[in-house]
Structures are given as C-alpha cells and as structure tokens.
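Visitor: Hi, could you walk me through this one? I'm new here.
Guide: Happy to, just ask away.
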Amino acid sequence: QVQLVESGGGLVQPGGSLRLSCVISGYLFSINAMGWYRQAPGKQRALVASLTRDGSTSYADSVKGRFTISRDNAKNVVYLQMNGLKPEDTAVYYCTSNLWAGGSHSFGDYWGQGTQVTVSS
C-alpha cells in the first residue's frame, strides 16, 4: 500500500524558513507528478506548488519567489522549501502525488496526512 508521509512543519517567526519533506513509500510503478496543497482554517484546500515528471513547476501567485518545490527521484521524496514566511502562510500543508501503485490499473491521486505550519511572532 502506498503511503505519503510529510514532515518538517512547525512554528516559525515571520521572515523565517522551513523545509517540508514528503516521503512516498510502498509498492509503486511510476510517479507522474507531485505537489503541495495547503488549507488554512475556514478556507478551502488550495494548490501551493506542483512538479511534473519532466521537471516543470507551477506555483500559486502568493508564494512565487519564496517557495521552491523539488524532488529526489532516487528516494521518492518531494520537498517544499519555504523562505520569507508570512503569517498568511499558516496552514496545514498536504503532499500529493499522481502515481501508479502496485495492484492498481491506472494512475491515481494519493495524499499525505498533512503537517502544520504556523508563522507567528
């Protein structure tokens, strides 16, 4: 069974940095795309950054120039480097991947359990 496990969240002061990690484990054949979403209290879950298999990246306008998504293909890990954090970045951050898991017949979307990021002085 495929699992996505995030880590790296926490409390940071405005202007600080955090790096989130997401490890994809289990029996899988191929990873198509990876991404990070976030959900703040009272708001819908929204895309933060995405990374396709060919290396193309996409970012929400609110994080462009501050956040960077990357991956380690050998370890099946996706990262989100967050710099210049602002209080409005406070949210639960979720890792997601479109992948082909062993035993399935097609690509599907899988999600992690989320990690809390709080930006506050």
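Visitor: Which residue does Arg-38 form a salt bridge with?
Guide: Its partner is Asp-89, with the closest N and O atoms 2.9 Å apart. A salt bridge here is a side-chain nitrogen of Lys or Arg within 4 Å of a carboxyl oxygen of Asp or Glu. This is a predicted model, where local features need pLDDT of at least 70, side-chain atom pairs count only at pLDDT 80 or more, and totals for chains, interfaces and linings use all residues. Residues are numbered from 1 along each chain as its sequence is written, and side-chain values use heavy atoms, leaving out hydrogens and water.

Visitor: Is Asp-89 buried or exposed?
Guide: Asp-89 is buried, at 1% relative accessibility. Buried means under 20% relative accessible area, exposed over 50%, and partly exposed in between (1.4 Å probe, protein chains only). Arg-38 is buried too, at 14%.

Visitor: What else does Asp-89 form a salt bridge with?
Guide: Arg-66, with the closest N and O atoms 2.8 Å apart. Shared partners join Arg-38, Arg-66 and Asp-89 into one network. Arg-66 counts as buried, at 12% relative accessibility.

Visitor: And how many salt bridges does the structure hold?
Guide: Three. One of them brings together the side chains of Asp-61 and Lys-64, at 3.1 Å from N to O. Asp-61 is exposed, with a relative accessible area of 65%.
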